[in-house]
Structures are given as structure tokens and as C-alpha cells.
Amino acid sequence: METRFALSIAPMLDLTDRHFRYFARLLSKEILLYTEMVTANAILHNKPERLLEYNKEEHPIALQLAGSSPRDLAECAKIGEDFGYDEINLNCGCPSERVQSGSFGACLMREPNLVAECVAAMQNAVKIPVSVKTRIGIDNDDSWEFFLNFVESIAETGCKYFIIHARKAWLKGLSPKENRTIPPLNYETVYRLKETHPDWNVVLNGGVKNLDEAKEILQKVDGVMIGRAAYETPWILADESCVRMDIVEKYRPYAEQQIKRGVPSHMVFKPLIGLFHGVPNAKKYRMMLNKLVPPTTLL
Ligand SMILES: Cc1cc2nc3c(=O)[nH]c(=O)nc-3n(C[C@H](O)[C@H](O)[C@H](O)COP(=O)(O)O)c2cc1C
């Protein structure tokens, strides 16, 4: 399968909002950006513009949906396509209690047939690609067979585009944060999936710190998705021609426009916090930004 994007930034609730995405796009023209997870219920019961609006500069951009009703997800996928998103992604990897009580996210790994129905309905509703983001297992269902059966059930619908967070999740006993660090990373399972299905588009996610690591991994799979490192140290994404203060200057008119629209300034400037990570005099720059962003909103 032809790879569309070698690199992407992970969907991260409360982090990859439209402001962060606008900022990330200033750093890299190539990378595919994902929205935060948006539940189908939220889209269907609110004004979708409030949740789905973005700046056209953010393209290419994928909308991540969460839900487990084929009909609702199909409707939301179509709404997303009409908003101009370039891809629709289904979340089958989030282990939070709140998400489990809504029967979506990682607990769907135990319901491959339902997920296949959801994905089939979403694909029928749109012309843009549909992808699935998942883990390599949940709880004690962490065998290769369990994982393979899950993804192969989905692939029968024609969807062969998977983003794999290369660790399992514990649905009880660990917080979402712990579920991103305690279960060990296992890249071999993701490589094995690509070897088993060379024609699939397999994207590896989890623990990737910079583009050098990503390049290594890209020898074995089609794509690499970076989450926390992209937020905490966004400079790793920068195209060679980028200069930090130029990025701030380019972001400024956008920030002013957003603030004029009534967005609180700390939300607009929060994405810039990581920009000076590790540079000499970083403190000076951070103090400049701290004046704009209350400390409670920092990572
Ligand atoms: C604050 C935060 C929020 C997250 N929200 C989502 C989400 O909305 N949807 C999702 O699929 N994964 C979510 N994740 C998981 C990331 O997409 C990613 O799978 C995980 O952080 C592992 O990648 P990394 O090691 O590169 O950060 C979130 C992660 C973080 C740190």
C-alpha cells in the first residue's frame, strides 16, 4: 500500500487542539496532524462547528472519532469529511474509565466484530481514508493471536490502515497516564504485523523521541506517530530552514486573531511553551511566555 504520510503527530486530548496544530504546521509542512479525540455523541448533540472547526493551514489533518455505534460513527465521519478533514480515525486505544463506561476506546479490542461494523459503516459514508488507532492488547488478552484477530477482522472490511500504540493497556488499576508508561513498549509486535501483511499501511506509535529514531523505525514500517515528544519538545519536528523566533513571529498574527475572537490568551500561547526546551537562555524565553500562560496550564 502506498504510504501517505511517514510522520504524524498523535491525537492528544487537551494538547493537540487547533492552536497546537497551527503551531506544529509552522514547524513542519509534511507531518500529518491528528485532532484530539472527539466523541460521536459530542458531535451529534452539539453544534459540530464548535468541535470541528480548524484553520485551513492545518492540512493535512485527520479527525479522530470515539464511539461504538456504526450509525453514529458513519454520520460523524461524513460530517468530518464535509468539514474538509483528510482522514477519519477511530480510537480503539484509549483506556480511561470514562471512555470504557461509554464502551469505546481500548475496550473495543474485545469486540472485533462490532469495530469491523463501525469501520465498514464509516468507510461507506466517506471517500477519504479511514484508519484505526489501537494497542497491541488489553489486560491478559495480550497474545499475538488476539491482536492479529482484532486487526484482521477490521481489515476484512477493506480498511488496512492501522496506527499501533506498541504497548498493551490495563483497563483496571492503571490511570491513562500510567497506561502510557507502565506496560512495556513492544515494537516487535508492530514489525511482525507489517511482515505478516506487507500490503497494509502500518504506523508505529509509542516512545519515539525524535526524527532520528523515527527514521530507523521507518525502515520496518510505513509510518511513525509521535505524541508526547512532539508536544514537549516540538523543535524536533522543525524543517531545516526554521528559526525559533521566526516561528514565534509567524504565530503572532494567528494568536492575535484568536484572542480577538475571544479565545483566552493562555490557551493560544500554551503550544509555544516547549519551543525553547533545551536551548541556552531557555529560561528567558520561558519567562516571556509565562507572562502569557498561567503556570497551572503548563505540562
Ligand atoms: C495528554 C494525552 C492525551 C491523549 N489523548 C489521546 C486521544 O485523545 N486519543 C488517542 O488515541 N490517544 C491519546 N493519547 C495517546 C497518544 O495518542 C499516544 O498513543 C501515546 O501518548 C503514545 O505515544 P508517545 O509515546 O509518542 O506519546 C493521549 C496521550 C497524552 C499524553
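Predicted model: local features only at pLDDT ≥ 70, side-chain atom pairs only at ≥ 80, totals over all residues.
**Helix pairs**

Two packed helices are described by the angle between their axes and the distance between the axes. Here are the values for two such pairs.

| Helix pair | Angle between axes | Distance between axes | Handedness of crossing |
|---|---|---|---|
| α1 (residues 18-27) and α11 (residues 244-260) | about 155° | 10 Å | right-handed |
| α6 (residues 112-125) and α7 (residues 144-155) | about 30° | 8 Å | right-handed |

Let's take α1 and α11 to begin with. Angles over 145 degrees count as roughly antiparallel, and with an angle of about 155°, α1 and α11 are therefore roughly antiparallel to each other. On the α1 side, the contact is made by Arg18, His19, Tyr22, Phe23, Leu26 and Leu27. Their partners in α11 are Ile247, Lys250, Tyr251, Tyr254 and Gln258. Sorted by class, the contact of α1 with α11 has 7 nonpolar, 2 polar and 2 charged residues.

Now for α6 and α7. The cut-off for roughly parallel is under 35 degrees, and this pair packs at about 30°, so α6 and α7 are roughly parallel to each other. From α6, Pro112, Val115, Ala116 and Val119 take part, and they meet Asn149, Phe150, Ser153 and Ile154 in α7. That contact of α6 with α7 splits into 6 nonpolar and 2 polar residues, with no charged ones.

**Around the ligand**

Which residues come nearest to the ligand? Of the 17 residues around the ligand, the nearest are Gln64, Asn205, Gly207, Gly227 and Arg228. Glycine 227 turns up again in a polar pairing: one of its polar backbone atoms is 2.8 Å from an oxygen atom of the ligand.

Most residues other than glycine have a negative phi, and most peptide bonds are trans. Two spots go against that.

Aspartate 14 isn't a glycine, yet its phi is positive, at about 70°. You'll find aspartate 14 in the loop between β1 (7-9) and α1, and α1 is the helix that packs against α11.

The other spot is the bond joining histidine 59 and proline 60, a cis peptide bond with omega of about -5°. Where does proline 60 lie? Proline 60 sits in the loop between α3 (48-52) and β3 (61-66).

Definitions and conventions
Residues numbered from 1 in each chain as written. Heavy atoms only, no water. Axes fitted to C-alpha atoms, helices over the stretch in contact; angles between N-to-C directions. Helix = DSSP H or I, 4+ residues; strand = E, 2+ residues; numbered from the N terminus. Parallel < 35°, antiparallel > 145°, perpendicular 65-115°, else oblique. Left-handed = near helix turned anticlockwise from the far one by under 90°. Contact = heavy atoms within 4.5 Å. Nonpolar A, V, L, I, M, F, W, Y, C, P; charged D, E, K, R; others polar. Near = heavy atom within 4 Å. Polar contact = N/O pair within 3.5 Å; in protein donor to acceptor, adjacent residues only side chain to side chain.
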